[in-house]
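Dear colleague,

Please find the structure below, handed over for your records.

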Amino acid sequence: QVQLVESGGGLVQPGGSLRLSCAASGSIFSIYAMGWYRQAPGKQRELVAAITSSGSTNYIDSVKGRFTVSRDNAKNTAYLQMNSLKPEDTAVYYCNAQGLLVTMARFNSWGQGTQVTASS
């Protein structure tokens with residue numbers, strides 16, 4: 001009942017930048033947290049960055065100072081600005097949203113994933 005559509009992935013040289021977007025739609029009453037996860041080949045999915053409806057953020061140590069998560073509550077959209085990309089940032093990036101439907105049921109939804117590759 002909640003769809004997440006991601007965009008903005010691609011191929012970039014090390015040191016370059018990309019901006020990911022995640023737009024949520026459906027029978028949404030409120031979204032209290034949106035997050036970006038990533039999964040590299042042969043590795044477990046890990047939380048990269050998250051933001052609450054009040055704007056509180058958290059990041060894994062390896063991206064602090066390089067990545068910035070933000071959101072537009074009016075548009076139910078989250079963003080991940082990624083600067084100074086490194087080859088080890090290469091992964092499929094997934095958007096996650098948690099909140100309440102108009103029925104007051106909780107939801108926990110995932111996007112389809114977008115590939116980010118930092119390589120020369």
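The charged end of R19 is placed over the ring of Y79, 4.1 Å from the ring centre; a charge counts as over a ring if NZ of Lys or CZ of Arg is within 6 Å of the ring centre and within 35 degrees of the ring normal. R45 lies over the face of Y94, with 3.8 Å to the ring centre.

Please note that this is a predicted model, in which local features need pLDDT of at least 70 and side-chain atom pairs pLDDT 80 or more, while totals for chains, interfaces and linings use all residues. Residues are numbered from 1 along each chain as its sequence is written, and side-chain values use heavy atoms, without hydrogens and water.

The structure holds one disulfide (a pair of cysteine sulfur atoms within 2.5 Å). This disulfide joins C22 to C95, with 2.0 Å from S to S. C22 belongs to strand β3 and C95 to strand β9 (residues 91-101), so that distant parts of the chain, 73 residues apart, are linked (strands are DSSP runs of E, at least two residues, numbered from the N terminus). The torsion about the S-S bond of C22 and C95 is about -80°, and the disulfide is therefore left-handed. Both C22 and C95 are buried (under 20% relative accessible area, with a 1.4 Å probe and protein chains only).

Four strands form an open antiparallel sheet in the order β1-β3-β8-β7 (two strands pair if DSSP finds at least two bridges between them). β1 (2-7) and β7 (67-72) are at the edges with a single partner strand each, so one side of each has no neighbour in the sheet.

Note on methods: Buried < 20%, exposed > 50% of the residue type's maximum accessible area, 1.4 Å probe, protein only.
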